Amino acid sequence: MSDSASERSGLRPVVFPYRLYGGVLCPFVELGLKGVGGEWIKAEAYADSGAFISIFTEKVAALLGLRLSAGELTHAGGVGGVQIPVYIHRLPVQIGPHKFSARIGFSDKLGVGFNLLGRIDFFPRFDFIFSDVSQRLILQPVKGKKIPGGKGILTLRKILRKRK
């Protein structure tokens with residue numbers, strides 16, 4: 001498909017140049033999040049293909065007007081195995097021209113220094129192309145495929161239960 005045909009069909013990719021973090025080029029996504037008052041805020045998150053759920057800081061939750069504890073409590077852990085409480089909220093998001101609803105976790109214990117964009121509700125909507133050669137992240141929208149429902153969180157819970 002030519003570029004112009006791709007753009008007309010709504011499959012135009014969204015491209016994010018890698019940016020420096022701690023002296024290393026990293027794949028960050030810029031996105032909009034809609035708060036409880038109806039206002040959109042801009043946020044950015046590290047595209048983490050190893051993360052099931054997206055986790056943002058409590059500062060972002062406050063900007064959105066969310067109470068952490070109003071979300072569904074789960075726990076998430078990283079490579080080090082430390083579990084942190086995460087409160088899942090569903091809210092409207094926008095990446096480039098693409099708007100949809102997504103489950104995003106918020107935690108006051110996220111200690112990595114940036115928000116994380118995980119697989120659930122994001123990776124099924126786009127092909128994530130990490131190009132270290134061109135130093136950019138390309139999100140190619142996927143149309144015509146059914147987006148998996150609520151199974152992602154259930155799978156996350158099963159995995160976390162097995163670890164205990």
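1. Contact here means heavy atoms within 4.5 Å. On that basis, among contacts in the protein chain between residues at least 6 apart in sequence, 55% join residues at least 24 apart. The model under discussion is a predicted one, and its chain of 164 residues, of which 41% count as buried, carries three helices and twelve strands.

2. Once its neighbours within four places in sequence are set aside, phenylalanine 122 is in contact with Leu31, Ser54, Val93, Ile95, Phe100, Ala102, Ile104, Leu117 and Phe128. One of these partners, Val93, is taken up in the next point.

3. Valine 93 belongs to strand 8, and it counts as buried because its relative accessible area is 0%, where the cut-off for burial is under 20%. Not counting residues up to four places away in sequence, valine 93 touches Gly32, Leu33, Trp40, His98, Lys99, Phe100, Ala102, Ile104 and Phe122. Among these partners is tryptophan 40, which lies 53 residues away along the chain and whose C-alpha atom is separated from that of valine 93 by 8.7 Å.

4. A polar atom of the serine 107 side chain lies 2.6 Å from the backbone oxygen of proline 85. Beyond the residues up to four places away in sequence, serine 107 touches Ile55, Phe56, Thr57, Glu58, Leu68, Ile84, Pro85 and Val86.

5. Asparagine 115 sits in strand 10 (residues 115–117) and counts as buried because its relative accessibility is 9%. Its side chain has polar atoms at 3.0 Å from the backbone oxygen of glutamate 44 and at 3.0 Å from the backbone nitrogen of threonine 57. The contacts of asparagine 115, leaving aside neighbours within four places in sequence, are with Glu44, Ala45, Tyr46, Ile55, Phe56, Thr57, Val60 and Leu110.

6. Aspartate 121, in the loop between strand 10 and strand 11, has a phi of about 70 degrees, and its relative accessibility of 5% is why aspartate 121 counts as buried. Glutamine 135, in the loop between strand 11 and strand 12, has a phi of about 55 degrees, and with a relative accessible area of 40% glutamine 135 is partly exposed.

7. Isoleucine 129 lies in strand 11 and is partly exposed, because its relative accessible area is 39%. Apart from neighbours within four places in sequence, isoleucine 129 is in contact with Arg136, Leu137 and Ile138. The C-alpha atoms of isoleucine 129 and valine 15 are separated by 9.5 Å, although the two residues are 114 apart along the chain.

8. The second largest pocket has a volume of about 180 Å³, and its lining is made up of Phe16, Glu30, Leu31, Gly32, Lys42, Ala43, Gln94, Ile95 and Gly96. Strand 4 (28–34), strand 5 (40–47) and strand 8 (83–95) each supply at least two of the lining residues, with strand 4 giving the largest share, three residues. By class, the lining comprises four nonpolar, three polar and two charged residues.

Notes:
Residues numbered from 1 in each chain as written. Predicted model: local features only at pLDDT ≥ 70, side-chain atom pairs only at ≥ 80, totals over all residues. Heavy atoms only, no water. 1 Å grid on protein atoms, 1.4 Å probe; cavity = no way out; pocket = protein on both sides within 12 Å on 5 of 7 lines; lining within 4 Å. Points joined across faces, edges and corners; volume = space filled by probe spheres on them. Helix = DSSP H or I, 4+ residues; strand = E, 2+ residues; numbered from the N terminus. Nonpolar A, V, L, I, M, F, W, Y, C, P; charged D, E, K, R; others polar. Buried < 20%, exposed > 50% of the residue type's maximum accessible area, 1.4 Å probe, protein only. Polar contact = N/O pair within 3.5 Å; in protein donor to acceptor, adjacent residues only side chain to side chain.
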